[in-house]
Amino acid sequence: MAKYPFENIEKKWQQRWEEEKTFHVTEDPAYPKNKRRYVLDMFPYPSGAGLHVGHPEGYTATDIYCRFLRMNGYNVLHPMGFDAFGLPAENYAIQTGTHPEVTTMANVDRFRAQIKALGFSYDWDREVSTCMPDYYKWTQWIFLQLFKQGLAYESEMPINWCPSCKTGLANEEVKDGECERCHTKVTRKRIRQWVLKITVYADRLLEGLDKVDWPEPIKLMQRNWIGRSEGASVHFSLPGHKETLEVYTTRPDTLFGATYMVLSPEHPLVPALTTKECKASVDAYVQEAARKSDLERTDLAKDKTGVFTGSYALNPVTGKEIPIWISDYVLISYGTGAIMGVPAHDERDWDFAKAFGLPIIQVVAAAGETGPFDREPEACTVADGFAVNSGQFNGLPTPEAIKQITAWLEKRGIGEKAINYKLRDWLFSRQRYWGEPIPVIHCNKCGIVPLDEKDLPLLLPQVTSYTPTGTGESPLANIPEWVNTTCPKCGGPAKRETNTMPQWAGSCWYYLRFLDPKNDKAFVDPAIEKYWMPVDLYVGGAEHAVLHLLYSRFWHKVLYDIGVVSSDEPFLRLVNQGMILGEDNQKMSKSRGNVINPDDIINNFGADSMRVYEMFMGPLEVSKPWSTAGLVGVSRFLERAWATSEKPIVDSEPSAELTKLLHKTIKKVSHDTDTLNFNTAISQMMIFLNEVSKLEQLPRKLWEPFVLLLSPYAPHLGEELWEKLNISKDVSAKGSSVSKAAWPMYDEALTLDEEKEIVVQVNGKIRDKLVLPAGSDEETLREKALASAKVQEWIAGKTIAKLIVVKDKLVNIVVKA
RNA sequence: GCGAGAGUGGUGGAAUGGCAGACACGCUAGACUUAGGAUCUAGUGCCUUGCGGCGUGAGGGUUCAAGUCCCUUCUCUCGCACCA
């Protein structure tokens, strides 16, 4: 069989689509709200390596879905753009002196060409790149809104610092104590930073998850990251000091068991609480802790360390003095940076008390435990139970004890109900060049002054050196003529902010810019925003579970609160595509040499084969290995479709059997495409084609619907086959495209079989099969089953205990010896 | 350690609690040929000469019936990791 001319076909149709703007979309009011869909891909970072086979997986899925929706009468917004600010281009600039804009634009061009070569139905008139001034003008504008809302502030806390990237990192960017990007060990550094108050939105971000159709694991990851917990604040008085020591605990019911306190080494009260005798050891410990990296303080040092401060606090319920220690197992960044030590009911406190010989008092007993409870317990128990050794609260089950002790504390003004989060504010500035300049000015007189909105965009200046200073200042700090400016408020001399925004900034809101990408009056026109938003389907990798997807939701909620967007959640439905592994079942990587290049596949097998194969590999959501042999199988399927199309088209009626198969196929492909189960939809099309390709002549009634079904999957071949079909109808004129044709309908009646194969089981084992008219009643099934000779052999001499009949499916005869 | 997900032929994978292995790859045999990642036909879970038996990581359970539901357990992948 001749190889089908995919090179010509694919080039031809890609040109046609481009020239005729086939996929250009407008806010046509004729479509009611329920006939509009916004289907979004996670836009790529245009790396120097070019497109990866992973990219087309999600892009093909959404493309098929969009084409399917259009053919079903929907107005579909399906845009693409580029996440174009980022470190690799800047690092390349440091090595070669080439401006990041030059490399980035070259990479964007390459990515665009590669993406277009796959025949996706994007509206390219809406393309955006986050590094373009007319785009980042609005990123800066959003920053100003955050600033005005009091959600952006400067801070000088010790932060995660990547010595290799020479920049600060957000908590979300640190994995296993390493920089997520370059795997360098993260150290701590104290420099001035811009921080966004994402914590203010913690509850809203949590609640919003209940409203969206996202994979549960992703929701769970976000919930865990936000890490809300309920408990109580307790104020311990400090004999000899005016201050009190506040701690946060989720187990106020264990207060009677608090036998010591621990402060984080960074806690502000440490100097005041340290007695003369203990000063030397405390100072040494504090210094040692400051020197350690986070990793050393956690992973490598599970053995508890700490020193006594020499001071005591009063346990508010027992009135006893308990010693105050410092230890690095208490984190300054969570709660109040201080804890009460309840060794009997907290593993960490148990370890600490054991290490330093501190008293351990049991205050919670398991249900049924009888005591006595006056001895030191043998093991730490964290489970709920009932209170013991807790005075008036004895006997209360844990939840009730928590309530009552909290109320008791509140009444005396020494404690109250409290809520805490693991989520920290978002460290938003980077000490690098290739990012959005933060649009604020530092004035000696007026302090921090935001730029006026009319002065946006604040352009990135040209620099001679891209090398980060490494001292905590960006390369922008080395350009005096840019840094030195005048204060917009007082007109006096002032300095520009030299930090830039992280890469997440541009990707936080790109889905909004796609709506109205050329608007220079607003970041999006409100009417257009209302027309499309929110995003109906968002497809991308799971690696963004807590980074991009949390940041985006945060910004979106702020934009909602200031009234510039109409929904409080941006992405209604999220689907994560699985990773495509190498043929060796390992993650694709240059070092393993198992990388598949999409360009090679397109050149050798065509874009349609690539698309259909990636969808045929398995379910969209799971990881699966690449197999070139599997690709060949799909390629043969398309070859066969082409070969079949070369047969003479006839208007005669197809056989009843094939008509039935056609209607079953339309039904299954329609359903499976709608639910994104592309692999089984393709399988059904293969079954159909295997039968139809046996014919000598091709009935139009079979072939037309099949071409329509195939066309979202293999759009170039689809167009070509459609054109071939319609030559006699003379509608191959300009503007005609299979993508504008109507999706085929099926007749439910024609999908039903007249005869059903009935399985006959004896004691659950298949002993015979009967063919009976569909809908045969139970009585008939029973009679026919019992009449079967094979069945008779198996039930001879036995008594029938039970007889189960499932209509149109099976008969199970349960017999006893 | 905690949390989540996944374990089905030689391979990728199908299966509203009702015929396990659709579809595809690979393999075997045959046909054909303009030797092409051809094409066509038949076969292909394991054991057994056969009747038949056994099979969805392992072990229990519920059910007339379990890949599917429940419990226990193992392995792998991912996420979090002293968050009080």
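Trainee: Which element gives the largest share of the surface near RNA strand B?

Mentor: In this predicted model, helix 22 (residues 678-692) does, with six residues.

Trainee: What makes a residue count as near the strand?

Mentor: One of its heavy atoms must lie within 4 Å. There are 56 residues around RNA strand B, and Thr249, Thr250, Arg297, Arg348 and Lys769 come nearest. By class, the surface divides into 27 nonpolar, 13 polar and 16 charged residues.

Trainee: Why is the approach of threonine 249 to RNA strand B called a polar contact?

Mentor: A polar side-chain atom of threonine 249 lies 3.2 Å from a sugar or linking oxygen of RNA strand B. The limit for a pair of N or O atoms is 3.5 Å, so the pair qualifies. Tyrosine 329 has a polar backbone atom 2.9 Å from a sugar or linking oxygen, and arginine 767 has a polar side-chain atom 3.0 Å from a phosphate oxygen; both pairs are within 3.5 Å, therefore they also count.

Trainee: How do you know that strand 30 and strand 31 pair?

Mentor: Pairing needs at least two bridges. Eight bridges join strand 30 (residues 755-762) to strand 31, so the two strands pair. They run antiparallel, and glutamine 761 stands opposite isoleucine 766 in strand 31.

Trainee: What makes strand 31 an edge strand?

Mentor: The open sheet has four strands in the order 31-30-33-32, with mixed pairing. Strand 31 (765-773) and strand 32 (799-806) each pair on one side only, and that makes them the edge strands. The twist averages 20° from one strand to the next.

Trainee: Which helix lies across these strands?

Mentor: Helix 26 (residues 778-787) lies across strand 30, strand 31, strand 32 and strand 33 (810-816), at about 130° to strand 32.

Definitions and conventions: Residues are numbered from 1 along each chain as its sequence is written. Chains are lettered from A and ligands numbered from 1 in the order in which they are written. This is a predicted model: local features need pLDDT of at least 70, side-chain atom pairs count only at pLDDT 80 or more; totals for chains, interfaces and linings use all residues. Side-chain values use heavy atoms; hydrogens and water are left out. A polar contact is a pair of N or O atoms within 3.5 Å; within protein, one must be able to donate a hydrogen and the other to accept it, and residues adjacent in sequence count only if both atoms are side-chain atoms. Ala, Val, Leu, Ile, Met, Phe, Trp, Tyr, Cys and Pro count as nonpolar, Asp, Glu, Lys and Arg as charged, and the others, Gly among them, as polar. Axes are lines fitted to C-alpha atoms, for helices over the stretch in contact, and angles run from 0 to 180 degrees between N-to-C directions. Contact means heavy atoms within 4.5 Å.
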